[in-house]
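Biologist: I am new to this structure. Please take me closely through one part, the sheet, and then through the helix contacts.

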Amino acid sequence: MHDQIASTHEAAFLNLNKAAEYLGISPNTLYVWRHRRQGPPSFRMGRRVMISALDEWVTAQEQADSRSHVALNPLNQKPMKRAVRTP
């Protein structure tokens, strides 16, 4: 029972170093993103920075990227007409 609670807790919140390892980036990048309020949701727990909802954040980043979201891909849109200049 205690192991299930611990594994759920670890899956819900990761410290900054484990989150960086999970994402394949440096911990310094996560610090910069946190400072700029750009990265995944995070909060302070005492002196530690905890990262939450990594999978949801990664999914949102994929959906916002035009290369993985078909509706945002400019190659799938009709060409725009040029404006005609009048002299």
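**The sheet and the helix contacts**

Modeller: This is a predicted model. Start with the sheet. Three strands form an open sheet in the order β1-β3-β2, and their pairing is antiparallel. Two strands sit at the edges: β1, residues 13-15, and β2, residues 42-45. Each of these edge strands pairs on one side only. On average, neighbouring strands of this sheet are turned by 40 degrees against each other, direction ignored.

Now look at one pairing. Strand β3 covers residues 48-52 and pairs with β2 over four bridges. This pairing runs in the antiparallel sense.

Next come the aromatic rings. The count of aromatic pairs comes to two. One of them joins Phe 13 and Phe 43 in an edge-to-face arrangement. Their ring centres are 5.3 Å apart, with 85 degrees between the planes. That angle is edge-to-face because planes over 60 degrees apart count as such. Phe 13 belongs to strand β1 and Phe 43 to strand β2. The two residues are 30 apart in the chain, and the pair links distant parts of it.

Turn to the helices. Two packed helices are described by the angle between their axes and the distance between the axes. Helix α3 spans residues 27-36, and its axis comes within 8 Å of the axis of α2. The two axes cross at roughly 105 degrees. The helices α2 and α3 are therefore roughly perpendicular to each other. On the α2 side, the contact is made by Leu 16, Asn 17, Ala 19, Ala 20 and Leu 23. They meet Pro 27, Leu 30 and Tyr 31 in α3. By class, this contact of α2 with α3 has seven nonpolar residues, one polar and no charged ones.

Helix α2 also meets α4. Here α2 is residues 16-23 and α4 is residues 54-64. Their axes come within 12 Å and cross at roughly 40 degrees. That makes α2 oblique to α4. The crossing of α2 past α4 is right-handed. From α2, the residues in contact are Ala 19, Tyr 22 and Leu 23. From α4, they are Leu 54, Asp 55, Trp 57 and Val 58. The residues of this contact divide into six nonpolar, no polar and one charged.

Finally, see what the two contacts of α2 involve. Ala 19 and Leu 23 in α2 take part in the contact with α3, and Ala 19 and Leu 23 also take part in the contact with α4.

Methods. Residues numbered from 1 in each chain as written. Predicted model: local features only at pLDDT ≥ 70, side-chain atom pairs only at ≥ 80, totals over all residues. Heavy atoms only, no water. Axes fitted to C-alpha atoms, helices over the stretch in contact; angles between N-to-C directions. Parallel < 35°, antiparallel > 145°, perpendicular 65-115°, else oblique. Left-handed = near helix turned anticlockwise from the far one by under 90°. Contact = heavy atoms within 4.5 Å. Nonpolar A, V, L, I, M, F, W, Y, C, P; charged D, E, K, R; others polar. Pairing = 2+ DSSP bridges. Phe/Tyr/Trp six-rings, centres within 6.5 Å; stacked < 30°, edge-to-face > 60°.
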